[in-house]
Amino acid sequence: MNIKKEFDLASHGSEFTFINNLLRPISNSRTSLNLEDDVACVEVRDGYDLITSSDALISGVHFLEDASGSVVARRLVASNASDIIAKGGEIAGCLMVFARDPSWSDAWLVEFANALKQALEAFEMQLWGGDTVSSPTGMVSLTINGWVPQGKLIRRNGAQIGDDVYVTGCIGDAYLGLKAAIDNRDCPTRPAYEAPFPPLKWAPHLLEVASASLDVSDGLAADLDHICRASNVAMRLDALKIPLSDVGRRYAGQFDDDQGVIDLITGGDDYQVAFCASADLRLDIEMRARDTGVQVTRIGEVVEAEDVTMADFYGEGVNKIGLERRGYSHF
């Protein structure tokens with residue numbers, strides 16, 4: 001059931017009306033204590049480690065300044081869920097910090113709350129509590145918590161020489177979706193940016209096959225570099241095997257050089273999972289991908305680091321693609 005669109009925050013009072021009328025109905029009453037206290041109370045699970053991650057989205061940086069409440073809510077939940085999924089974790093709940101932008105109307109808040117409810121349900125996540133404030137610039141942040149079997153957390157530093165390198169889903173659609181959103185035009189890739197959906201079904205299978213993993217948020221090139229540095233290895237990747245959508249292939253095909261592919265692997269915001277796994281597990285991974293319906297593509301291998309720990313992409317033959325910018329960076 002959607003929250004009533006005719007709800008008028010201004011006529012009802014303050015931030016507490018926002019909490020009581022829009023957030024309390026979508027929180028888990030047992031853990032959030034009905035949002036009546038300043039804490040959440042979480043029952044500890046025997047045999048599991050609690051894993052936690054935090055990400056913030058800022059207006060004009062992580063979403064367009066005129067983005068709808070729905071877009072902000074869906075990007076908020078997906079970008080945070082992606083961190084837990086990439087570690088093979090089971091998502092539990094989250095704490096939200098909500099800093100209201102002066103331009104966010106009461107109707108915007110209602111749209112945000114409705115989309116937040118739907119996104120939380122889609123990722124089987126509970127809202128435990130948080131904080132609400134006003135700010136000159138809008139910002140929303142989640143601290144997300146999940147469970148992973150004790151001692152089984154998949155880190156970035158486990159890649160081994162000879163491992164295969166995989167990525168889920170399609171790469172670059174979010175980059176193209178953002179371009180479409182900026183231009184305010186229809187494009188099949190806009191949902192990849194405005195309503196991303198990380199591969200939730202793949203999380204438990206990562207625990208069985210992956211030696212290292214992370215989510216693709218800064219850009220495929222930059223994020224694979226993170227694994228290389230943490231594991232003290234390098235990667236040799238086949239750019240022709242990078243999974244692209246039809247729109248992505250058409251975009252890349254417009255260029256006479258590698259620039260189109262470079263844009264797609266450095267654009268960021270894909271919220272897919274990149275991981276390494278033993279070559280002995282290829283058939284097992286293919287079967288798991290087929291059983292779950294998750295697109296999983298082998299794009300290269302882990303090799304010994306000679307000069308630098310970096311992921312190198314190769315096009316036709318031995319043509320190495322030069323990347324001046326590896327991906328998104330806040331600084």
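D164 has E301 as its bridge partner in strand 9, and its bridge partner in strand 8 is A277. The model is a predicted one, in which local features need pLDDT of at least 70 and side-chain atom pairs count only at pLDDT 80 or more, while totals for chains, interfaces and linings use all residues. Residues are numbered from 1 along each chain as its sequence is written, and side-chain values use heavy atoms, with hydrogens and water left out.

D164 belongs to strand 5 (residues 164-168), which runs antiparallel to strand 9 (residues 296-303) and is joined to it by 5 bridges. Another of these pairs links Y166 to R298 in strand 9. Strand 5 also pairs with strand 8 in the antiparallel sense, over 4 bridges. Here strands (E, at least two residues) and helices (H or I, at least four) are DSSP runs numbered from the N terminus, and two strands pair if DSSP finds at least two bridges between them.

How many residues of strand 5 are buried? The count is 5 of 5, where buried means under 20% relative accessible area with a 1.4 Å probe, protein chains only. D164, Y166 and T168 are buried on one side, V165 and V167 on the other. In a regular strand the side chains alternate between the two faces of the sheet.

Stepping back, the open sheet has 6 strands in the order 6-8-5-9-7-10, with mixed pairing. Strand 6 (210-216) and strand 10 (311-314) are at the edges with a single partner strand each, so one side of each lacks a neighbour in the sheet. On average, neighbouring strands are turned by 25° against each other, direction ignored. Helix 9 (residues 220-231) packs on this sheet, and its direction makes about 145° with that of strand 6. Such angles run from 0 to 180 degrees between N-to-C directions, with axes fitted to C-alpha atoms, for helices over the stretch in contact.

Now for the helices. In helix 6 (residues 173-183), the buried residues are D173, A174, L176, G177, A180 and A181. They span an arc of only 160° around the axis, which puts them on the same side of helix 6. Their cover includes helix 7 (190-194), helix 10 (246-253) and helix 11 (259-266).

The axes of helix 10 and helix 11 come within 7 Å and cross at roughly 135°. At their meeting point, G248, Y251 and A252 in helix 10 touch G260, V261, D263 and L264 in helix 11, contact being heavy atoms within 4.5 Å.

Conventions: Buried means under 20% relative accessible area, exposed over 50%, partly exposed in between (1.4 Å probe, protein chains only). The arc is that of the directions from the helix axis to the C-beta atoms.
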